[in-house]
Amino acid sequence: MFSHRWGEGEPVLHDIQGRAIYDMPPSGGMKKLQKFCLTALKRGYLWAWSDTCCIDKTSSAELQEAIGSMFGWYRRSHLTIVYLADVAESGSFDSSHWFGRGWTLQELLAPDTILFYTRNWSLYNNLESSNHKADDAILEELTRATGIASRFLTNFTPGVDDARSRLQWASSRRTTRPEDIAYSLFGIFNLHLPVLYGESFEFALGRLLGEVISQSGDISILDWVGEASTFHSCFPARILSYRTLPLPPIPLSEQSSITSQRSASSNALRKLCRSLNKIPLPRFANRRLTLPCFSHRVTVVRRKSADPLSSSYAYEIQASGLRPLEITLPEELENVASLPGGLESAAAALQIVRPWHSKSLGGSTKLDVAATEQLLVTLVQPFSALLLTELPHNEYKRIASSTLIAAHPIDVTSILHSKVRIFNIV
């Protein structure tokens, strides 16, 4: 199978149907197609497949089927040939736009066997190999170029696990049609959703994220910064919002001091653990997110001195059970949170919340010492918080922030007294 960056004059199905491609003028995309077929032939293959001309794109049904099946096709291919038209014989992956395109992500992850060819159709680094994924030096370069660990490059399993990482891999990639960046991820997440060309990117990405939560309850996809989507306030308007790395966990050296506090509060911890095991999983349906959260009621909001050169607004916030924190918003809080009484009325409408899922403890339902220690270590750590504002009819809306909202629990006692609520977010 062929993987490449599309250029001018790519031949489509109706250009080559019933014709011998080697008899056609070798210009533009046709020359590239001829070279690909010759390369496959030299490696002993009698059949070759290219996305430019092996799909009838005038048929919406065939296009829908192809997009839904593409990951599986590349996964089952005996060899995927990648052509890097912008890499010279002595060049590197860093100079290639192939690594910045949306569809090529699954074309990199899916195949077991892959070979990279440079501009003049020589093997990358002139490395004679039957599989560049089996070469440690190539894998190291691929990791640098993509940010994807080698274990995923060589042994990737499609599905909704570790969704935040998969979105981060795609966050710097682009497609010609904006909605394609979402469609190009369907196979990576092993999701079967309708392709609706003409819908906005926000709706395409929103449908994808909603399905991820519906199938897995994975709350890591709520960890983003930037502008909120018109599809749902908990989803971003742009996939670029996932480029920001999540908060790092507490180092192991500090975790032992945390667990030493367990004995003084073991009964309360076991009680909390039991209550968390009874909490329903996050759900997304009809563009509404039902989200279990540790809730921290906002008590004080102060606006920091405005920077005349800044387009954002900074606020100091105090919330029950948390150390004072700072948030940065792209809009004034009074406007985006619909606070008719100004900041003085914020305490009645705002919540700082920590989304919760049983997977946060590795999915364990046991109440042994190890489980309670892990719960304590997890809850004491700083976390990426969401800022919610209350709406009529017991519904809430997320207020998007320009930076991660890093929330720190005050101490173990404050954690044991915190409350878990179910929020209905639109």
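This is a predicted model: local features need pLDDT of at least 70, side-chain atom pairs count only at pLDDT 80 or more; totals for chains, interfaces and linings use all residues.
Let's start with helix 9, which runs over residues 201-216. Its 16 residues span 22 Å from first C-alpha to last, close to the 22 Å expected at 1.5 Å a residue. Now look at what sits around it: 12 of the 16 residues are buried, so helix 9 is largely enclosed by the rest of the structure. Among the buried ones are Phe201, Leu205, Leu208, Leu209, Val212 and Ile213, but also Glu202 and Arg207. The cover over these buried residues includes helix 7 (163-170) and helix 8 (180-183), along with strand 4 (283-285) and strand 5 (288-303).

Side chains of opposite charge can pair when their charged atoms come close. The structure has 8 salt bridges, and one of them joins Glu395 to Arg288, with their closest N and O atoms 2.9 Å apart. Glu395 belongs to strand 11 (residues 395-398) and Arg288 to strand 5, so this pair ties together parts 107 residues apart in sequence. Glu395 is buried, at 18% relative accessible area, while Arg288 is partly exposed at 42%.

Next, find Glu10 and Lys32, whose side chains meet in a salt bridge at 2.5 Å, N to O. Glu10 sits in the loop between strand 1 (2-4) and helix 1 (13-16), and Lys32 is in helix 2 (residues 28-42), 22 residues apart. Both partners are buried.

Methods
Residues are numbered from 1 along each chain as its sequence is written. Side-chain values use heavy atoms; hydrogens and water are left out. Helices (H or I, at least four residues) and strands (E, at least two) are DSSP runs, numbered from the N terminus. The expected span of a helix is 1.5 Å times one less than its number of residues. Buried means under 20% relative accessible area, exposed over 50%, partly exposed in between (1.4 Å probe, protein chains only). Contact means heavy atoms within 4.5 Å. A salt bridge is a side-chain nitrogen of Lys or Arg within 4 Å of a carboxyl oxygen of Asp or Glu.
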